[in-house]
Amino acid sequence: PLGGGNSALRARLLLPEQVRLFDLWDRLREGATAPNRRAVTPALLGNLLPSICVFDVRSAPDEAPVLFPRIAGSGLRQMFGFEAQNSVLEPGSEPARILRLDDGVAVAADGEPRAGSDIVLNPVGVEVLHVWLRLPLLDHEGRIGAVLGLDLPMALGRLPLTTVRPRAAIG
């Protein structure tokens, strides 16, 4: 069952793919703050896999979390024009900005899911709406050990103007 903040977030998701992943995440958490990372399998993600990223969370006690992209779907490379998987993303860099690394760090720090949209340039220089979702995953010790992400590109001409909320974060 969704808490007040999570149900409000779900109501503001823009795309059916976001809702599908959010509902899967909510079902798998079984009343906990987040599901265990091992519960989220490729078979459950199905056709969302090309748009999925998983960030490992590494941090020392009393330090801000640091995220490392462990898994990045093939659609992300096509959308953004760079390979994120197993790379080190410098905070403030263009790849970190595009992958919403700050939002992922916030999810890792406070355990609250976040979603939003912004306008980015694709590899051929065309503006697209980047619709994203970041969800916490627990490690075997019950701490936030990963952040599950969904990143979807949408052609701006295909959406009604009321749908486009550039550079907005929901959470």
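Analyst: A salt bridge is a side-chain nitrogen of Lys or Arg within 4 Å of a carboxyl oxygen of Asp or Glu. This is a predicted model, in which local features need pLDDT of at least 70, side-chain atom pairs count only at pLDDT 80 or more, and totals for chains, interfaces and linings use all residues. Residues are numbered from 1 along each chain as its sequence is written, and side-chain values use heavy atoms, with hydrogens and water left out.

User: What makes Asp-151 and Arg-134 a salt bridge?

Analyst: Their side chains meet at 2.9 Å, N to O, and the definition asks for a distance within 4 Å, so the pair counts. Asp-151 lies in strand β5 (residues 144–155) and Arg-134 in strand β4 (residues 127–138), 17 residues apart. Strands here are DSSP runs of E with at least two residues, and helices are runs of H or I with at least four, both numbered from the N terminus. The whole structure holds eight salt bridges.

User: Which salt bridges does Arg-143 form?

Analyst: Arg-143 pairs with Asp-139, the closest N and O atoms being 3.6 Å apart. Arg-143 also meets Glu-141, at 2.5 Å, N to O.

User: Why is Asp-139 called buried, and what is Glu-141 called?

Analyst: Buried means under 20% relative accessible area, exposed over 50%, and partly exposed in between, with a 1.4 Å probe and protein chains only. Asp-139 has 19%, so it is buried. Glu-141 has 49%, so it is partly exposed. Asp-151 and Arg-134 are buried too.

User: Why is strand β3 described as largely enclosed?

Analyst: Seven of the eight residues of β3 (residues 114–121) are buried, so the rest of the structure largely encloses this strand.

User: How do you know that β3 and β4 pair?

Analyst: Pairing requires that DSSP finds at least two bridges between two strands. β3 and β4 have eight, in the antiparallel sense, so they pair.

User: How do you know that the length of helix α2 agrees with its residue count?

Analyst: The expected span is 1.5 Å times one less than the number of residues. For the 14 residues of α2 (residues 16–29) that gives 20 Å, and the end C-alpha atoms are 20 Å apart, so the two agree. The buried residues of α2 include Val-19, Phe-22 and Trp-25. Just after α2, Glu-30 takes a positive phi of about 45 degrees.
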